[in-house]
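This briefing sets out how the parts of the structure shown below are arranged and how they touch one another. The points are grouped by topic.

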Amino acid sequence: MTPNLPPVTITGIGSVSPYGALAGLIPQCALEPTSITAWTTAGLRRAFLVQPFRPAGVVPGLKTRRLDRLSAWALVASSLAFKDAGIDLCQMDRSRVAVVFATAFGCVDLTEAFYLSAAAHGWSGTDPSTFPETLPSAPASHVSMFHGLRGPNVTVSNKYFAGEIALIQAASLLRHGQADLAIVLAGDALARTLYSWYEVAGLLSPACYNSDLLSEAGGFIPSEGIAALVMESAKHEDSRSNAHTYGRIHSGRWTAGGQPVEVMRQMLGDFVPILTVCSGNGAPCATSPTSALAREICGDRTVIILPQPVALGLAGTGALFHLILALSTRPTNGQALFLATAANSGFAALLLELL
Amino acid sequence: MTDIHKTIVVTGVGIASPYGIGLNCLQAGMLSGKSCLARTKDLYPGFEGTTAQIHELAPLPKTFSSRYSRTDQLAVVAVADAIANSGCDRAIFRESGVVMANTVGGLTEIDTGLAEGPSEWYRRPGGLLRGTSYPFAHVADAVGAHFGIRGPSCAISVACASGAIAIALAADMLLDGAAPMILAGGSDPLCPFTLSGFNSLRALDPNPCSPFDQNRKGLNLGEGSAVLILETLAAATARDANILAVLRGWAMNNDAFHSTAPQTQGSGLADCIRLSMEMAEISSDEIGYVNAHGTGTPLNDIAEANAYETAFRGRNSPIPVSSTKSYFGHCLGAAGALEAAVTIMAVCSGALLPTLRLTDPIESPSVDWLRGKVRRQPLPLAMSVSSGFGGSNTALIFASGRS
């Protein structure tokens, strides 16, 4: 995405997260990890978890019984984002609405279930209804089916910047006229196999094992959830009298290497961001270098909003939560740089105008 | 007049297929009429069916701190071949982008023991590294790390349309100026998880498949990888690159219909084909050949035939169509990229490959089902069509580089 192209706007927000299922911004409140009960653990294990809820209680008529939790959350979060945007999809040309979804691990609950059914019944006896729901793209497909969205449907991933890439790719589709509106989703569910990997790899925070420790104790606390943003081309937004704009995305870049300072200064052009929202890759050691990099690019007077642990726990798909939580702090209007870096694996950056 | 900054060209193609490594190998094998589909046993205990396997894949040197899954390995082999095919030094790709599609990721490295006892499984020798290769993004990371590529990198997973969507998104990224060149394609291996899944859905033909035949019984899975080197015409001409093909148009959409079945009338796919022709600013008469998705399943092939009826009705002559999955099976996330490569082969050589084992085609007046011998004719423009579970469709239009 080059800086000179027309901006695209963010007009709706929805999320399913440890904060609950919400339309719009997330109320400011401190959140502590909760005990894992979905599987048997050897002693206390904590994480930032989405509390079980009935999707049809949030979105009437929603049927999610055979779906992975991630697919169910995608349906709820997308519905809440469209509601927040004031969009009546029945009044829209839905062949012009794109779905862009970012996930690192896909539908891990049902992938585990499929393996367990193979263990129990052999590979010849697996469940046909489960297999299609294990695909990483299943949540995006369900969003298209439920809302009748017939535009491009893409599922993307990257170890560190999947959420940022989803935003950049959605903006690209809008700018190239391949859609007028996009629903962008990013998130992951926390399954036993994933938590165990973090644990055996020695990445977990002491707060995962001790309820007396606060989430600020340091280390990585896994998280789960999905966030959704409605993005519109400026032309489409202008045609809606009831559009509420959270922000405009002017440009975005990501790379797997190179010199972030040089590339970002080139990307910023004449813009001087007054606010920097720092993301991270889930590793605590990543946040501090990201802030330092932001300071180097934007100068000492720049206000920096640091990431919150719930979003950090989502690792590569936390970008949308980082952004929503930052917007929820009611920052000053103006230009903002949304920046994520991973020590040896490059960086992602988006230039936004907050409204 | 051509805008050289907005024209996307293909300057290299890399292939790892059951025919061997390289486009020449694929072309020679397919032109000879050889099918790679063969009886296969014991890909998991009790499995017996027909697949297209790559039997010899040289192990990769250890230059990546993580473990290479078979998906990664296939991708790396195809990228190495694409770079060799382009005739360029590796160093030129340092700032390139990587967009790699797959559906299997590191599932080849995992067994049922992981789900039964993950902590114990990870503590086994190599367990953590095996787990590291699970995410489908790992393939793009492996390619980037192996070749020292540091431009924008991401993975795509959109079921069986993945490989074609990777190419379409890479083209968008080039128009955005995201990178000077992009290596885009797909990679997927055979593995018990997907074989079992398709078997459970009763989608597999136990014998070699017969796409578009009235008596078709299902698909055969294959494995492979294909990678295109994409760049703008401006960049390619500036470095005097050999231009194999021009990507004239591309489109993506979704049926919004069903998790596994295509929309019966193929209306979503027909719309997608129309959108790609609009982008290319051509009429349906100008397309000389369609490389179809053509899986051989009853539902896909009739929906696809219906889509061609809608999209190509009113042409001066029926549209020539074939499915090359009858040669090397359905390679899932790699299928769209492999078939894009076959389509490029067609526009470069003017050789239109027939569908193998097509004896009693679906009745479709607007379609000229290619069967029997290879047809040779001038081919200015050809289209590659892909669809997938969840309703995604993609159409890519290629012209010969000579144009």
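**Strand pairing in chain B**

B:Thr51 stands opposite B:Leu221, a residue of β8(B). The model discussed here is predicted.

- An open sheet of three strands in chain B has the order β3-β4-β8, and its pairing is mixed.
- At the edges of this sheet stand β3 (38-41) and β8 (221-222) of chain B; each has a single partner strand, so one side of each is left without a neighbour in the sheet.

**Helix α10 of chain B**

- Helix α10 (residues 267-280) of chain B has 14 residues, which at 1.5 Å a residue should span 20 Å; the end C-alpha atoms are 20 Å apart, in agreement with that expectation.
- Of the 14 residues of α10(B), 10 are buried, so the helix is largely enclosed by the rest of the structure.
- Among the buried residues of α10(B) are B:Leu269, B:Ile273, B:Leu275 and B:Met277, and also B:Asp271.
- The buried residues of this helix pack against β10 (245-254), α11 (298-312), β16 (381-387) and β17 (392-400) of chain B.
- Directly after α10(B) comes B:Glu281, which has a positive phi, near 55°.

**Domains of chain B**

- Chain B is assigned domain 1 (8-238) and domain 2 (249-400).
- The C-alpha centres of these two domains of chain B are 21 Å apart.
- Contact between them involves 59 residues of domain 1 of chain B and 52 residues of domain 2 of chain B.
- On the domain 1 side of this contact, the elements of chain B that supply at least two residues each are β1 (8-17), α1 (23-31), β4, α7 (162-175), β7 (181-188), β8 and β9 (224-232).
- The largest share of that side comes from α7(B), with eight residues.
- By class, the domain 1 side in chain B divides into 33 nonpolar, 21 polar and five charged residues.

**Overall form of chain A**

- Chain A contains 11 helices and 13 strands.
- Its radius of gyration is 20 Å, close to the 20 Å that the globule rule gives for 355 residues, so chain A is as compact as a globular protein of that length.
- Along the principal axes, the C-alpha atoms of chain A fill a box of roughly 60 × 50 × 35 Å.
- Buried residues make up 61% of the 355 residues of chain A.
- Of the contacts in chain A between residues at least 6 apart in sequence, 76% join residues at least 24 apart.

- A:Ile297 lies in helix α9 (residues 284-298) of chain A.
- A:Ile297 counts as buried because 20 other C-beta atoms lie within 10 Å.
- Leaving aside residues up to four places away in sequence, A:Ile297 touches A:Val261, A:Met264 and A:Arg265.
- A:Leu149 is 148 residues from A:Ile297 in sequence, and their C-alpha atoms are 40 Å apart in space.

**Domains of chain A**

- The assignment for chain A gives domain 1 (8-246) and domain 2 (248-354).
- Taken over C-alpha atoms, the centres of these domains of chain A are separated by 21 Å.
- In chain A, 42 residues of domain 1 are in contact with 29 residues of domain 2.
- The domain 1 side of this contact receives two or more residues from each of β1 (8-17), α5, β7 (181-188) and β8 (225-233) of chain A.
- α5(A) gives the most to that side, with seven residues.
- This side of domain 1 of chain A has 25 nonpolar, 14 polar and three charged residues.

**Contact between chains A and B**

- The contact between the chains takes 56 residues from chain A and 58 residues from chain B.
- On the side of chain A that touches chain B, at least two residues come from each of α3 (108-121), α4 (138-147), β6 (153-157), α5 (162-175), α6 (192-200) and β9 (247-255) of chain A.
- α6(A) supplies the largest share of that side, six residues.
- By class, the side of chain A that touches chain B has 26 nonpolar, 24 polar and six charged residues.
- A:Val156 stands opposite B:Ile156, which is in β6(B).

Technical notes. Residues are numbered from 1 along each chain as its sequence is written. Chains are lettered from A and ligands numbered from 1 in the order in which they are written. This is a predicted model: local features need pLDDT of at least 70, side-chain atom pairs count only at pLDDT 80 or more; totals for chains, interfaces and linings use all residues. Two residues are in contact if their C-beta atoms, placed from the backbone, lie within 7 Å. Helices (H or I, at least four residues) and strands (E, at least two) are DSSP runs, numbered from the N terminus. Ala, Val, Leu, Ile, Met, Phe, Trp, Tyr, Cys and Pro count as nonpolar, Asp, Glu, Lys and Arg as charged, and the others, Gly among them, as polar. Two strands pair if DSSP finds at least two bridges between them. Domain bounds come from an automatic or database domain assignment. The radius of gyration is taken over C-alpha atoms; the globule rule is 2.2 Å times the number of residues to the power 0.38. A residue is buried if 20 or more other C-beta atoms lie within 10 Å of its own, exposed if 12 or fewer, and partly exposed in between; C-beta atoms are placed from the backbone. The expected span of a helix is 1.5 Å times one less than its number of residues.
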